[in-house]
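These are my notebook entries on a single structure. I set down what I looked up, topic by topic.

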Amino acid sequence: MKYRPEIDGLRALAVVPVIFFHAGFELFSGGFVGVDVFFVISGYLITTILIEDIENKRFSIVDFYERRARRILPALFSVMLVCIPFTWMWMVPGQMKDFSESLFSVSVFISNLYFMSQAGYFAPSVELNPLIHTWSLSVEEQFYLFFPPILLLFFKRSGRFALIGIISICILSFFFSEWGWRENIERNFFFSLSRFWELLAGSIAAFIVQKQGVQKNNPLALLGLSAIVFSIFFYDQSTPFPSVYALVPVLGVVLLVLYADKGTLAAKLLSTKILVGIGLISYSAYLWHHPLFA
């Protein structure tokens with residue numbers, strides 16, 4: 001897969017608002033959408049790798065999960081281990097019990113389901129939970145538990161059939177999220193099926209880029225960048241999420257993936273050294289910021 005520095009810059013645009021949002025900066029009232037940006041990027045990158053492997057007949061489900069484990073687990077387990085002595089010293093028994101339960105749920109990638117049963121993401125008590133932010137990692141890993149086998153199954157029919165299948169699942173997941181927030185807005189925030197459409201939006205973009213390449217279109221790329229920035233500064237905790245409102249940052253990322261060729265202004269902005277540098281450490285920054293705040 002060809003390296004795209006603007007994607008790393010986009011990672012920076014995702015992680016910095018999340019950190020500032022959790023730090024309490026009111027200006028970044030919609031900084032939580034950085035997680036949605038991460039989801040689309042992840043869906044795009046992983047699907048690109050899977051398509052190339054499947055088409056070149058070198059796909060291995062074991063190798064895929066091994067690569068995921070090597071990328072995700074060392075940093076994640078390091079954060080968890082560092083948290084333990086501090087929670088042991090500072091937490092009262094009730095808090096320690098909650099932390100222990102969250103520690104287990106993170107270890108088996110169901111922390112989104114655990115936190116779904118606790119206080120909402122925007123509740124004041126969340127600030128004291130050092131692992132609340134791992135819910136998004138659980139959503140991703142749950143997605144990648146079923147996505148590669150399904151994609152491989154679709155590809156046995158044809159690439160076109162695979163794309164149609166992914167679009168269909170994406171639409172169903174989107175409508176589920178729109179229904180879900182009306183039924184229970186807090187549970188909907190954490191629930192996997194309400195989030196999968198965001199990863200699948202990145203998957204759809206991967207199919208398009210594989211067939212057509214990255215197109216150069218300044219207006220559409222800038223529109224995508226503007227959509228993400230708009231949601232960061234104008235959304236807030238009262239915005240139902242995920243829902244139709246999530247289309248703004250999600251489609252913003254898709255537009256950048258499709259049209260931010262290296263010659264566009266948006267790509268040049270995202271490819272600046274500082275943004276690329278932050279993007280390269282975005283996963284670690286995301287993992288460590290909330291335990292430090294807590």
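The entries below go from the core to the helices, the rings and the backbone.

**Model.** I note at the outset that this is a predicted model.

**Core.** I looked up the largest nonpolar core and found that it has 86 residues. Leu10, Leu76, Leu151 and Leu256 have the most contacts inside this core. I then asked which element gives the core its largest share, and the answer is helix H2, residues 34–55, with twelve residues. For Leu256 I listed the contacts beyond four places in sequence: they are Arg4, Leu10, Ala221, Gly224, Leu225, Ile228, Ala266 and Leu270.

**A buried glutamate.** I examined Glu6, which lies in helix H1, residues 5–22. Its relative accessible area is 6%, and since buried means under 20%, Glu6 counts as buried. Leaving out residues up to four places away in sequence, I found Glu6 touching Ala260, Ala267, Leu270 and Ser271.

**Cysteines.** I searched for disulfides and counted zero.

**Helix H7.** I checked the span of H7 against its length. Next I listed the buried residues of H7, which are Ala162, Gly165, Ile166, Cys170, Ser173, Phe174, Ser177, Glu178 and Gly180. What covers them? I found that the cover includes helix H6 (135–157), H8, H9 and helix H11 (247–259).

**Aromatic pairs.** My search of the whole structure gave 29 aromatic pairs. One of them is formed by Phe174 and Trp197, with centres 5.0 Å apart and planes at 80°, and it is edge-to-face. Phe174 belongs to helix H7 (residues 159–183) and Trp197 to helix H9 (residues 196–212), so this pair ties together parts that are 23 residues apart in sequence. Both Phe174 and Trp197 are buried.

I then turned to Phe176 and Phe191, whose ring centres are 5.7 Å apart. Their planes stand at 40°, so I recorded the pair as tilted. Phe176 is in helix H7 and Phe191 in the loop between helix H8 (185–190) and H9, so parts 15 residues apart in sequence are tied together. I found Phe176 partly exposed, at 27% relative accessible area, and Phe191 partly exposed as well, at 26%.

I also noted a cluster in which ring pairs link Phe21, Phe32, Phe230, Phe234, Tyr235, Phe241 and Tyr245.

**Charges over rings.** I recorded Arg157 over the face of Phe161, at 4.7 Å from the ring centre. Arg195 lies over the face of Phe189, at 4.6 Å from the ring centre.

**Backbone.** Most residues other than glycine have a negative phi, and most peptide bonds are trans. I therefore looked for departures from this pattern. Phe241 and Pro242 are joined by a cis peptide bond, with omega about -10°. Pro242 is in the loop between helix H10 (218–234) and H11.

Lys57 has a positive phi, near 55°, and is placed in the loop between H2 and helix H3 (61–90). Phe109 also has a positive phi, of about 55°, and lies in the loop between helix H4 (93–107) and helix H5 (111–116). Are these two residues buried or exposed? I found Lys57 exposed, at 77% relative accessibility, whereas Phe109 is buried, at 18%.

Key: Residues numbered from 1 in each chain as written. Predicted model: local features only at pLDDT ≥ 70, side-chain atom pairs only at ≥ 80, totals over all residues. Heavy atoms only, no water. Core = buried A, V, L, I, M, F, W, Y, C linked by side-chain atoms within 4.5 Å. Buried < 20%, exposed > 50% of the residue type's maximum accessible area, 1.4 Å probe, protein only. Helix = DSSP H or I, 4+ residues; strand = E, 2+ residues; numbered from the N terminus. Contact = heavy atoms within 4.5 Å. Disulfide = S-S within 2.5 Å. Phe/Tyr/Trp six-rings, centres within 6.5 Å; stacked < 30°, edge-to-face > 60°. Lys NZ or Arg CZ within 6 Å of the ring centre and 35° of its normal.
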